[in-house]
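Student: I am new to this structure. Please pick a single part and take me through it closely, along with its surroundings.

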Amino acid sequence: MASNKTSDKRRRKVRERIANLEPDERRRLYKHAARLRRATPEESGRPKHRPDWEAYSGDEDEQPPTSEKRRRRHRGSLRQWAEALVEDGELGQDTAAGPAPDDAGTVLFATTGRCRVLTDSEDSLDCLLAPDLADAQRSELAVGDRVQLVTAREEPTVVAVFPRQSVLSRHDSGSGGRFVERVVAANVDRAVVVVAAKQPPLRPRLIDRYLVALESGGIRPLVAVTKLDLLDDAERVALDDRLRPYLALGLEVISCSCTEGWGIDRLRDAVAGGLVVLVGQSGVGKSSLLNALEPALAIDTGETGRSRKGRHTTTASTLHVLGDGSRIIDTPGVREFGLWELTRESLRACFHEFDGWASACRYADCSHDHEPDCAVRTAVANGSVSEARYDSYRRLLAGLRS
């Protein structure tokens, strides 16, 4: 009996240590324990004997390791704790650390303290966020994130977020007047930049901002032009002229009409497979495009107001699974799109039409703005580089200097 009491005391000490871990360390512990639980005993490397809990707990007053040697020992203890959790079963519900994750999935929708997840077992679950995720939700969780869940609770809980393969983010005003990152979508394979041929007017500079953000986030773009049925022949010619610089970049541009059905099949083929995000100005018809691709969604849409600025009908990013298995994230419309952590070097790298000329500039680090003998400016002057695109570049560059 005394032995059982001692064992219980040691387990409590381990649980206390786990509860006091930094959030990142606790997530690594959860992930490792979950992998061990899914593995066979031979694959998991679990100890054949009962773990020595005292060796893992340490002194309660011990400070976090600082030297590299102690950090390695600390990381090793995390692995041992994970093995101990697997050996001993899930931690009790009365502990702060909670049980190890037992499922994974993709975030469909997120709100304060909660989210909806499509699990890998194809269940759609309303989930709580673990406290450390809920405290920093706007930067920690986004639609499209891959997450780990604990379902052995009264309510399923998201306890960890996997590293992102790609991200679309913008900067926004945070508390105290600071700019903070707002993640629009994560793990996206392709983005559809939706623009309207008319009502609201086409804004090439907003397209350029999106292209820079997508390039920085590792996402392949295409452009979808909606409301083509509102144009007469002369206006279509003018539209083609404005879109020509993007075609010259090799971007796929799809002209659509949701009312007439033009271009919808082509767009459906373009978004098939992978995870796709729709982005664009308010009122350009992102939700209407989704309804055209999948009428069963019946997403609420609105007409463009008299100001022609467009109305918000989508208020939060939401992932929709279409009947053919395509996964598309619909995002709220914007009137401006602030770029996150942009530098002069990364900005230049996003304007690929400069690549063939930059090597001929006098200065290797030429900003293509004011330096003498700039080959890019010469290319703009003789029409080899789009003047509109160059103007977007200079405006973005000026924003970095202000």
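Tutor: Helices (H or I, at least four residues) and strands (E, at least two) are DSSP runs, numbered from the N terminus. By that rule the protein chain has 15 helices and 13 strands. This is a predicted model, where local features need pLDDT of at least 70, side-chain atom pairs count only at pLDDT 80 or more, and totals for chains, interfaces and linings use all residues. Residues are numbered from 1 along each chain as its sequence is written, and side-chain values use heavy atoms, leaving out hydrogens and water.

Let us look at helix H9. H9 covers residues 233–248, 16 residues in total. From first C-alpha to last, H9 reaches 22 Å, close to the expected 22 Å. The expected span is 1.5 Å times one less than the number of residues.

Start at the beginning of H9. There, a side-chain oxygen of aspartate 232 comes to within 3.2 Å of the backbone nitrogen of alanine 234. Such a polar contact is a pair of N or O atoms within 3.5 Å; within protein, one must be able to donate a hydrogen and the other to accept it, and residues adjacent in sequence count only if both atoms are side-chain atoms.

Further along, H9 kinks by about 40° at arginine 242, shortly before proline 245. The bend is the angle between axes fitted to the seven residues ending there and the seven starting there. Just after H9, glycine 250 has a positive phi of about 90°.

Which residues of H9 are buried? They are Leu239, Leu243, Pro245 and Tyr246. Buried means under 20% relative accessible area (1.4 Å probe, protein chains only), exposed over 50%, and partly exposed in between. These buried residues pack against helix H8 (204–217), strand E9 (220–226), strand E10 (253–255) and helix H15 (387–401). Contact means heavy atoms within 4.5 Å.

E10 and E9 belong to an open sheet of six strands, ordered E10-E9-E8-E11-E13-E12, with mixed pairing. Two strands pair if DSSP finds at least two bridges between them. E10 and strand E12 (318–321) stand at the edges with a single partner each, so one side of each lacks a neighbour in the sheet. Strand E8 (residues 190–196) and strand E11 (residues 275–280) run parallel, joined by five bridges. Alanine 191 stands opposite valine 277 in E11.
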